[in-house]
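Subject: Structure handover

Dear colleague,

Here is the structure for your files.

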Amino acid sequence: MLLSEQDQFLSYNGEVLVFQLSKPKHAEEADDKTINLCVRRMAFNRDTKLFVQKSSGVFSMGASHSKIEMICCSCTTDSRTGIILPCILMKKKKQNNVKYFLLLLHSSNQFEPSFYFKLDYELKEGISLFPGPSLLWRHANKLFYISSNTCVVQSAPVQLSSVVWTGEIVGEGTVVLGIRTACLPETEDPAGFSVSDRAIWGTEFLGYAIQTQKMLTGTCFMPHAYSRVVSSVYVCKSERLKKQLRVSLVAITHKNQLIWFQNGVPKGVCELPYEKPRSVKPALTSNDLLFVVSFSSGNSCVVQRRDSLQVASKWQKVKCVLVDDFIGSGSEQLLLLFKDDSNTDVLSTFKITDLGEVNYASGINYKHDAPAAEGLQENGLLTVRALETRLQAGWTSVRELQQHLGLQKRVILESCRALKDLVEGRTHILPKAKEVKCRRWARSLLNSAKAFVEGLVSLWDDVENPADSLSKETSLVSEVPERFTEELWHRVVGDSLVVGVKLAESFYWSLSEVSLSLVMDQDFSSISPIIKCQSKIIKLNKAFSALAVSSSQIEPPPKKMKLDLHSKNDLEKEFPKRSSRIQPDGAKTVTAVTSLSPLLAFHRVCCVVLLHARKQNHQSDSLQQSKKISVLCGKILLSLEDISNGRYSVKMLRDNSYCTGSMEDILAVLAVSVRFSFQIVSCDCTLTPVSSWLLGEMECTPFKECQDNIFCHKAGNIHGTIFNWALKNPFQGVLTIFCRNLTVLFQCLHSLTRILPPGCRVKLLRSGSKGALTEQLALALEKEMLTSKNSLFLKETKAENSLAWGNESDKKMSNAPLASLLDTEEGVQQFRKKLQDEREESVRSMNQTMNGALYQKIALKIAEAQLSSDMIVWRLA
């Protein structure tokens with residue numbers, strides 16, 4: 001930073017360092033002909049909005065027959081400690097002898113001489129300080145540098161007409177970017193772009209790495225065409241990608257422009273507001289990346305880089321612009337020091353801003369304007385009062401929101417208690433109205449519970465006649481046959497709890513949309529007793545195919561997801577003869593999977609198992625022949641002691657080359673697994689290695705209950721995976737894998753591909769056979785057609801009931817002969833009136849409106865039917 005004034009300013013760790021040269025104050029010291037270099041550390045006080053001095057230091061220098069000047073100052077790294085310290089370059093001139101020395105300033109305000117050197121000329125161009133500390137300058141188109149490690153002036157083997165930037169580049173160390181006269185070597189291709197470009201412009205960019213003494217191609221910074229106009233550069237970012245240097249930089253030109261370059265390509269340009277730009281540096285504020293441009297005329301501007309480069313602000317009569325975190329906010333701000341001839345004190349007129357919320361300015365200009373100051377004070381008082389009012393209103397809103405959330409929490413907990421009492425047949429006692437501060441709240445509790453049983457969550461809706469609705473729901477539960485479940489079981493698989501309900505044969509075939517809910521039986525006042533779980537319906541054939549599986553059933557859900565179950569006849573067509581005795585059991589089991597660890601936090605917990613379903617009546621095609629039911633399947637008791645003892649763990653043991661897992665263990669593993677089917681086709685070789693791979697490398701053994709399905713006993717993540725290998729012919733087969741996650745699946749496939757013959761094709765299959773899915777699609781399309789037909793018929797019936805086609809006089813008139821009406825003028829008028837009435841009634845019948853609730857109900861039914869058919873079409877694709 002070069003300044004024409006005697007004072008030098010430098011920002012360091014949020015402070016402003018002010019360097020001044022002065023003579024000693026005492027007369028006896030003045031005789032020694034010494035000059036003091038003084039430093040003052042100034043910090044911004046956010047209370048007084050002024051800069052205050054924290055500390056100071058002095059360095060005395062002999063000045064006998066010499067002229068001492070400060071050349072520049074900057075923050076650079078001390079190679080001995082790696083600490084960044086302020087560094088000042090001083091010049092002592094005595095006749096034709098010029099001596100330069102470098103000083104380091106420590107945190108104790110002590111100055112340390114780093115090195116010195118003598119020259120027979122003065123430094124004027126391309127002066128830069130870089131880590132070491134080291135100094136670089138340009139003289140007579142040659143590049144010179146000196147470091148504290150060598151203290152010897154060295155010359156670089158390059159000639160530069162100007163230096164535009166010096167700094168660090170990734171992998172290269174300190175790099176000097178400059179401009180030189182174009183060199184056109186004979187060995188280089190004359191048709192190349194680089195050679196022709198340099199020949200046209202006569203100049204080129206060049207990068208020189210000081211430590212490695214390596215030349216860098218200037219085109220990675222910017223095209224050579226800009227070498228004649230660029231005056232200063234700042235490299236914002238550099239990185240190496242695949243051994244290629246990528247650089248982002250901004251440059252200012254003699255044409256009063258700021259240009260953004262990305263990997264040597266210009267990406268944006270901005271016209272600057274003043275002439276003769278001198279330097280550019282970045283500022284990373286809390287809002288955006290800014291570029292501060294200083295001009296030779298003493299002006300400055302800030303360019304913002306968002307969608308495009310644009311001037312965000314500009315100032316005149318600026319002494320210096322510093323960038324640092326002066327207010328301690330964690331991001332950088334700009335400190336503008338203005339020229340003020342009326343006040344000789346440093347930092348007297350300043351401005352701190354980030355072009356956003358931060359905006360501090362010195363009040364020096366207001367001390368001669370008392371009325372304006374009083375007005376500002378009054379405005380400030382009014383502003384504070386307005387802010388206090390807004391703060392008070394905000395606290396009031398927060399308290400109201402907290403009360404509202406507390407009320408909602410009590411509603412949810414009371415609704416859960418009402419739900420438990422409802423399914424267990426107990427009478428629920430409603431809280432008093434004064435306790436909940438809402439009369440409607442007490443009446444809505446049972447409605448909320450009823451809605452939750454139906455699969456809907458309703459907290460605040462006030463339904464009419466709740467008692468009638470409750471009695472209706474109770475009647476639905478009572479219509480369920482007494483023996484609807486054959487068995488309730490639960491297993492622990494890893495960190496998951498699997499609960500299974502085995503349904504009775506007669507009860508199972510009349511159900512759809514089946515799912516399970518788990519409700520904690522304990523009375524907790526702070527948490528919801530509803531347990532988040534995922535329901536699955538597992539229907540097993542020879543290949544353990546999961547034909548109907550719900551996705552992520554979370555309780556309580558906003559609505560139930562549809563589960564398309566086949567009718568009994570459809571299943572008999574798909575699986576005509578079940579040879580295994582486990583197939584009927586598997587086809588009637590509904591499971592729910594939930595996380596086990598949250599339940600074990602209570603040490604002992606009792607859960608109520610609820611089954612939600614829609615009971616179908618297959619005697620009619622009407623959409624009104626299904627009703628929702630909720631039944632209590634029983635309770636399960638969990639304790640940490642039983643889990644630790646492995647009481648409910650899945651036991652898959654080997655017994656004479658068989659796996660002895662029970663039906664419940666198999667279903668539990670399937671419930672927590674994800675099914676994938678792969679078609680394997682080999683054109684040249686048979687697929688006999690697949691069976692050897694399963695029984696050998698994967699250490700699989702078949703189940704005693706169904707020997708076509710095998711269980712993996714191999715140690716590691718793959719343990720517990722279930723396989724089924726079905727050969728259609730020696731060259732084609734289907735491998736079905738039930739695994740816990742995708743990582744296990746990829747491990748299995750990676751091991752499989754190593755043993756497959758060359759040229760094999762592996763294809764992921766959709767779930768379900770093509771024939772069964774085709775029949776399902778036909779049924780779904782038929783249901784969709786009936787839904788649309790019944791909806792339109794309902795609309796037409798309501799339209800006919802709401803319209804009166806003519807009055808009694810019109811009916812009597814219609815019975816009269818047409819000829820007799822047209823004989824008289826009065827008859828013609830009556831006939832004309834009748835035609836007009838019929839026309840108006842026809843228009844009204846065409847513009848019939850529909851009740852919003854009815855339309856919503858019809859639209860929901862049609863959407864559900866269309867969703868079912870669309871899902872089957874997707875599975876067929």
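A residue is called buried here if its relative accessible area is under 20%. The model is a predicted one. By that cut-off F117 is buried, and W137 is buried as well.

Aromatic pairs

Searching the whole structure gives 14 aromatic pairs. In the pair of F117 and W137, the ring centres are 5.4 Å apart and the planes are at 5 degrees, so this pair counts as stacked. F117 belongs to strand β8 (residues 111-119) and W137 to strand β10 (residues 134-139), so the contact ties together parts 20 residues apart in sequence. Both residues are also members of one aromatic cluster, formed by Y100, F115, F117, W137 and F144.

Charges over rings

K99 lies over the face of Y116, 4.5 Å from the ring centre. R305 is placed over the face of W260, with 4.3 Å to the ring centre.

The sheet β17 to β20

Four strands make an open sheet in the order β17-β18-β19-β20, and their pairing is antiparallel. The edges are β17 (230-241) and β20 (265-271); each has a single partner strand, so one side of each is left without a neighbour in the sheet. On average, neighbouring strands of this sheet are turned by 15 degrees against each other, direction ignored. Strands β18 (residues 244-253) and β19 (residues 257-262) run antiparallel and are joined by 5 bridges. A251 has I259, in β19, as its bridge partner.

Regards

Note on methods. Residues numbered from 1 in each chain as written. Predicted model: local features only at pLDDT ≥ 70, side-chain atom pairs only at ≥ 80, totals over all residues. Heavy atoms only, no water. Phe/Tyr/Trp six-rings, centres within 6.5 Å; stacked < 30°, edge-to-face > 60°. Helix = DSSP H or I, 4+ residues; strand = E, 2+ residues; numbered from the N terminus. Buried < 20%, exposed > 50% of the residue type's maximum accessible area, 1.4 Å probe, protein only. Lys NZ or Arg CZ within 6 Å of the ring centre and 35° of its normal. Pairing = 2+ DSSP bridges. Axes fitted to C-alpha atoms, helices over the stretch in contact; angles between N-to-C directions.
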